[in-house]
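Please keep the sequence and the model in view while reading.

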Amino acid sequence: MGKYVLAAASIATLALATPAFAQSGPPSDPDTEFNGARAGILLGYDRVQPGQIANSNIDDTNSADGLTYGGDVGYDIQRGRVVFGVEGEVTGSTAKVTNNPSAAGALGYGRVKAGRDLYAGARIGVAVAPRTLIYAKGGYTNQRLDLVASDGTTQTGQHFNLDGWRAGAGLEQKLGRNTYAKIEYRYSNYGNARLEYANGANTNNFSVDTDRHQVMAGFGVRF
């Protein structure tokens, strides 16, 4: 776990410490530093684990840790020091649990690898300095878990699709006229899941309690 946190922190430190890129043209308006569309890349630490429901008999030490990576897009509107925005993400992850596929203890699903994750939400922030924004965010997330299961004789691979919510907070630092870096922490909880079969069919939703903790660094361009 430590090496993944260190990697994310190192990326964020380097990005936030990067000198502003040389730009030509008139100086920007401090009240519109965070206006407009944006797109960026993301990299960070990822941990998926069972939730803490009262009747859970799943050991919460059966977690999956790894690197998460991907990209995001968004659009922000700044009014004075307040910034409102909408955003979306597509990410992947190396997090996995490599237990025996016939054992259902790890994350409650058997052998599991985190797959793609989709997120759509909003954020609100305050420009604490002309080029520095602190913000909170929240929205909907859909996570895929790639499952390898066995009944002791036959081993199969399937997918779980989990629906949940995400909340987080972060800091964004403008670097040049159109570039920025950010670092944020996000917590996600997934309360519903469905099993996706190889032929594309799905089961009905059933209740789960799965947590996700992420520390992310990002670098992007504002248009």
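## Charged pairs between strands

The side chains of Asp163 and Arg194 make a polar contact at 2.6 Å. A polar contact is a pair of N or O atoms within 3.5 Å; within protein, one atom must be able to donate a hydrogen and the other to accept it, and residues adjacent in sequence count only if both atoms are side-chain atoms. The model is predicted, so local features need pLDDT of at least 70 and side-chain atom pairs count only at pLDDT 80 or more, while totals for chains, interfaces and linings use all residues. Residues are numbered from 1 along each chain as its sequence is written, and side-chain values use heavy atoms, with hydrogens and water left out.

Asp163 lies in strand E7, residues 155-174. Strands (E, at least two residues) are DSSP runs, numbered from the N terminus. Asp163 is buried, with a relative accessible area of 16%. Buried means under 20% relative accessible area, computed with a 1.4 Å probe on protein chains only. Leaving aside neighbours within four places in sequence, Asp163 is in contact with Tyr140, Thr141, Asn142, Tyr190, Gly191, Asn192 and Arg194. Contact here means heavy atoms within 4.5 Å.

Side chains of opposite charge can pair when their charged atoms come close. A salt bridge is counted when a side-chain nitrogen of Lys or Arg is within 4 Å of a carboxyl oxygen of Asp or Glu. By this rule the count comes to 20 salt bridges. The table gives some examples.

| Salt bridge | N to O distance |
|---|---|
| Lys182 and Asp72 | 2.7 Å |
| Arg123 and Asp76 | 2.9 Å |
| Glu89 and Lys137 | 3.1 Å |

In the salt bridge between Lys182 and Asp72, the closest N and O atoms are 2.7 Å apart. This pair links distant parts of the chain: Lys182 is in strand E8 (residues 179-196) and Asp72 in strand E2 (residues 64-79), 110 residues apart. Lys182 is buried at a relative accessible area of 3%, and Asp72 is buried at 4%.

Strand E2 also holds Asp76, whose partner Arg123 lies in strand E5 (residues 111-129), 47 residues apart in the chain. Arg123 is buried, with a relative accessible area of 3%; for Asp76, also buried, the value is 0%.

Glu89 and Lys137 meet through their side chains in a salt bridge. Glu89 lies in strand E3 (residues 82-93) and Lys137 in strand E6 (residues 132-150), so the pair ties together parts that are 48 residues apart in sequence. Both residues, Glu89 and Lys137, are buried.

Methods
Helices (H or I, at least four residues) and strands (E, at least two) are DSSP runs, numbered from the N terminus. Buried means under 20% relative accessible area, exposed over 50%, partly exposed in between (1.4 Å probe, protein chains only).
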